[in-house]
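Let me put the model up and we can walk through it together.

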Amino acid sequence: MGHEHADAVDETQMVTVGGVAVPLTLTQTPWPDPHLDIEAYDPDADMMALNMGPQHPSTHGVLRVKLYLDGEVCVKAVPYLGYLHRGVEKLCEKLGYAQVTPIVDKNDYVSPMMNELAINMAIEKLIEAEVPRRAQYIRTICAEIQRVGSHLLWLGTFGLDMGGAIGGGGSIFMHTFREREMILDLFEELTGCRFHYNTHTPGGNRHDIPAGWNTKVQQVLGHIGQRLTEYEDFVRDNPVFRARTVGVGIVDPVLAMDLGISGPILRASGVDHDLRRDAPYMAYDEIDVQVPVQTAGDCMARYLVRVAEMRESIRIATHLLDGVPEGPICSLKPVKLPGAVKAKSGSAYCSIESPRGELGTYIVANTERRSHAQPYRCKIRPPSMHALQLLPYMCPGNNISDIIVALGSLDPIMGEVDR
Amino acid sequence: MSLPPDFIVLCRDRLGIEEPGVDGPLVPREQVLSFASALKDELDFRFFVTVVSTHYPAEEAVEANEEKGTEAIAAKPDRTVVMYRARRLQNAERPTSIAAFQVEVPTGESTPSLCGVWAGADWQEREQYDLVGTIFADHPDLRRIMMPEDWPGHPLRRDYAIDTSHFPWR
């Protein structure tokens with residue numbers, strides 16, 4: 001790419017922590033204490049408390065962060081969650097296994113396919129259902145297309161977070177939304193819905209690939225691949241973009257692992273971890289997933305990782321499309337009644353690599369206390385919630401404007417944080 | 001994904017448990033901190049995954065019935081079972097793997113918080129306290145995280161009435 005960030009990979013000195021190689025430079029500074037009382041800070045400072053959110057457009061939904069400021073520099077940040085809490089876990093307990101898919105769709109509303117996949121994989125593990133190979137391929141292809149769509153939305157809103165630094169105004173937002181629209185059209189043709197698909201079901205898929213869909217996907221992905229080059233031209237050497245992102249919001253990889261942060265944030269801090277490659281599920285065992293890693297750990301590195309991931313997703317989806325096997329798309333009979341999917345007592349944890357990191361679902365079934373068709377306890381592990389835990393560590397010492405950019409680069413989706 | 005072999009060895013050495021289930025061994029509360037620290041520092045389970053607390057109402061004792069061939073079951077108090085999960089990332093020598101262990105906490109008592117071991121346990125334990133009502137001792141900031149501060153009860157408990165209105169609406 002002819003870019004100092006990309007070239008820096010080989011020169012970075014790595015150190016091994018817990019058997020994992022991490023960049024030495026990112027692990028130097030001690031972590032601030034997020035629970036330190038505000039009275040313990042410098043009493044002479046002219047301290048001001050400022051509420052960012054919950055209705056602030058750059059908090060990506062309804063996140064509220066209470067910032068203690070000394071001038072324009074943040075001293076302490078306290079995030080408050082729960083403004084979008086809908087009780088999804090309680091709903092999952094109240095509904096049956098056959099009914100939870102459209103509910104969890106609304107968790108991470110930018111990539112609903114991932115939510116469906118995560119919870120249905122856990123249910124399938126619990127009821128010991130096989131997924132036909134064709135359905136596995138369709139799920140993997142949908143997941144990869146969804147990842148492109150999700151990262152496109154992130155790139156557009158990230159441009160807005162910087163006050164339209166990329167190309168002026170909302171240009172990049174308009175461009176990425178135009179391409180994302182094509183992806184929504186693809187899903188509409190496959191499932192009949194543009195957003196909340198309800199296409200995964202325990203044991204397989206509801207909707208088979210319609211005639212001519214493969215060709216359209218190839219065309220759209222090829223088109224987006226070309227557009228990605230344009231975006232990079234937009235951004236790569238844009239002095240405003242570089243000034244706002246290089247060296248801003250640096251994430252310590254050891255702290256990130258401690259907090260449970262995965263996905264592009266961890267990979268941008270130099271940790272080579274991707275569940276698609278390390279613990280393959282669905283059809284990922286068919287393909288050699290290339291994991292992009294950056295070692296700078298700043299907002300620029302996270303941008304580079306996400307753009308590289310989009311290219312990799314396009315490659316995976318295009319490759320898998322050619323080899324979709326024939327056969328059934330669901331191993332169970334079509335579900336007509338809510339009690340149709342039944343499980344024995346037990347528990348199952350399944351995790352997948354969503355665009356934001358490790359999205360896990362843990363389900364306990366207890367037939368002595370609960371019906372066979374309802375979970376006793378259902379817990380969703382949202383990657384965004386773990387990412388937001390970074391804020392108290394990352395904000396101190398930064399300007400307000402840098403905090404907005406750093407928050408945007410974490411890509412939080414409040415629907416899945418609050419559930 | 002089954003539990004890794006060296007984790008099972010740790011369970012045997014530390015707890016005397018030979019075959020932990022899929023959700024790991026049941027760790028006594030006084031040993032939780034040392035067990036979790038050993039897991040993180042000795043076995044490199046540094047990536048924090050999740051905390052899940054599950055509520056079980058009290059169970060009455062059942063006497064042995066020789067005609068039916070059933071065994072006696074001891075009475076169990078109202079309790080929550082807390083499950084922790086941590087991940088070890090892959091490198092050249094090993095694949096990625098998950099370890100799990102559980103702690104049983106009778107209602108009204110507390111279990112040591114693991115915030116000092118994995119910083120990520122902070123919000124997760126707050127969430128479990130908020131929704132299920134498990135109390136984590138020595139947690140630096142044990143407040144509600146999802147529900148309003150003055151909300152009555154813990155919604156994911158089994159004895160929480162779901163069909164009645166809860167006021168005030170917020």
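I'll go through the domains, then a sheet.

Quick caveats: this is a predicted model, where local features need pLDDT of at least 70, side-chain atom pairs count only at pLDDT 80 or more, and totals for chains, interfaces and linings use all residues. Residues are numbered from 1 along each chain as its sequence is written, with chains lettered from A and ligands numbered from 1 in the order written.

So, chain A splits into domain 1 (4–80) and domain 2 (88–418), with bounds from an automatic or database domain assignment. Their centres, taken over C-alpha atoms, are 25 Å apart. Across the boundary, 30 residues of domain 1 of chain A are in contact with 35 of domain 2 of chain A; contact means C-beta atoms, placed from the backbone, within 7 Å. Which element gives the largest share of domain 1's side? That's β5(A), with seven residues.

Now the sheet. Helices (H or I, at least four residues) and strands (E, at least two) are DSSP runs, numbered from the N terminus. Three strands of chain A make an open, antiparallel sheet, ordered β8-β9-β10; pairing takes at least two DSSP bridges between strands. β8 (346–354) and β10 (377–381) of chain A each have a single partner strand, so one side of each has no neighbour in the sheet. β9 (residues 357–365) of chain A pairs with β10(A) over five bridges, and Thr361(A) sits opposite Ile380(A) in β10(A).

Key
Two residues are in contact if their C-beta atoms, placed from the backbone, lie within 7 Å.
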